[in-house]
Amino acid sequence: GGSNIRVVNCRLSGAAIVGIGFQGPFSNVTITDNYVDGYLGAGTEPSAIGIALASGVASGDTVSDAFVTGNTVYRCAYGITVSGFYDARANNDFTVAALPSAGDSGTVTDAAGTNHVLTATAGPAVATDEFLIGADVNATATNIISAINDPANSFYESVVHAASPGAGAVRLYAVPQGAVGNAFSIATSNGVSINIPSASFAGGIDGSVQGVLVSGNTVTNCAASTLVAPPTFTTADAGAVGIGLAFTRDCRVVDNDVREIGILIDNTGAPVIPSVTGPVENSAGITVWNSTRFAVDRNTVLNTTGTSGDEQRGIYIVKGNEGAEPTFTNEMTDASVCDNKVNWSLEGNFAATPGATYGSYGIQVLTSVIVPGVGGNDSALSFYAVNGLKVCRNEGVRCGGGGIQTTTATRGQFIGLMVDQNVIEDVTSNGIHLEIGALTATSGASGFAQASVSGNNIGGADAGN
């Protein structure tokens, strides 16, 4: 770990793992005016991340306040990645060993030292911050969970949520994400009926990377047919990415030039789409996974490509598959994707690359409990929301599948979405498409709320909102 570190004016060739990399804890890092070339020779796919900032494995081992500016990244698998981990909530388990008596209580003490008390009652009436003693220990545990998760009581959304880890047991999750929840504790007035193995909450992790600026970089010809990036980019069908954020807060990707992601150039200048380790070549110019309060603004993304049948996205935003705890709604909040140019044009290496196809989507935003290509590790009782996202004043040209698409899948919701004043030209499918995915009995409030789609200019063979 360290702080106040500068990496300036370095030239690196043949990088096989990482060209320039920092794994936390680090702060106040500057990476500027460097050149990284990840070409490994004819017939060998790139395997390096050009520039990587990543959280460490321990809570608090994050990267914060970093500047990645003015660099050139060429012929890597991933260009520039900023990746953390999920800010896991602290938790604590206890069991109902015997029926409590009316008036027995349990107390949760939060990180500020405030006590929150839940009291047993024999009923039949149940008052605020009470739980009903059940017919047996299993029913009583179920009633405790229901009382804690009842919005009419004082625990839900402010102190703890509850879930069942097994018969007669209760698991409490601190509402605040991260290590702050490790300061929570529980106690009971009846240790015979309520068995608490440990008073302290545990498992809270500060994993996300915070306050990173990625600006003024040039990222070109990064390509790969299989995933080689950090594990927080969890999708088995991913290919290359120009610039990627995963599990970040308050980060900005602005004023970058990202071109020909998915097309590798050998030392003779010949373009090719890699297929050495597999046929899949899904690519994204800029991708953001499970991040919040981010900006992807004023970037140029040109000719992101891959093989026919795969998906290539100019800008790809995903909320989902992060290890979310049961009953919580994890949000991507206050984000902007504005003033970008996402184009496909028959120029440069795109026209000369065998098998190159126009992009599937100019800009795609989705919520998904299951990330494409892998099974999810989220609770079936968790939910997702994209809250306050602005997709404004972008330009998209010749997007093969659609100019702007937002999709909310099972247990996902868009709240306050704004898609305004974008220009979509020469599109062969939907200009702007807001889609609700397949719903199930456990979907919850999936869909859109308070969405604005206005002032857009769309033209093409199948254009429209």
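Good morning. Two strands are said to pair if DSSP finds at least two bridges between them. With that in mind, I turn to the structure above, which is a predicted model.

I begin with a sheet. Four strands form an open sheet in the order β13-β12-β11-β16, and their pairing is mixed. Which strands lie at the edges? They are β13, residues 130–132, and β16, residues 185–188, each of which pairs on one side only. On average, neighbouring strands of this sheet are turned by 20 degrees against each other, direction ignored. Helix α1, residues 137–148, packs on the sheet, where it touches β12 (115–121) and β13. The direction of helix α1 makes about 150 degrees with that of β13.

Let us look at one pairing in detail. Strand β11, residues 105–109, runs antiparallel to β16, and four bridges join the two. Within this pairing, threonine 109 has serine 185 in β16 as its bridge partner.

I now move to the nonpolar cores. In soluble globular proteins, nonpolar side chains tend to be buried together. Here the largest nonpolar core has 57 residues, and the members that touch the most others are Ile31, Leu53, Phe294, Ile315 and Val337.

My last topic is charge. Side chains of opposite charge can pair when their charged atoms come close. How many salt bridges does a search of the whole structure find? The search finds eight, and I shall present three of them.

Aspartate 37 belongs to strand β5, whereas arginine 75 sits in the loop between β8 and β9, 38 residues apart. Both of these residues, aspartate 37 and arginine 75, are buried.

Another salt bridge joins glutamate 325 to arginine 89, at 2.6 Å from N to O. This pair links distant parts of the chain, 236 residues apart.

Finally, arginine 293 forms a salt bridge with aspartate 250, the closest N and O atoms being 2.7 Å apart. Arginine 293 counts as partly exposed because its relative accessibility is 35%, and aspartate 250, at 36%, counts as partly exposed. Thank you for your attention.

Conventions: Residues numbered from 1 in each chain as written. Predicted model: local features only at pLDDT ≥ 70, side-chain atom pairs only at ≥ 80, totals over all residues. Heavy atoms only, no water. Core = buried A, V, L, I, M, F, W, Y, C linked by side-chain atoms within 4.5 Å. Buried < 20%, exposed > 50% of the residue type's maximum accessible area, 1.4 Å probe, protein only. Axes fitted to C-alpha atoms, helices over the stretch in contact; angles between N-to-C directions. Contact = heavy atoms within 4.5 Å. Salt bridge = Lys/Arg side-chain N within 4 Å of Asp/Glu carboxyl O.
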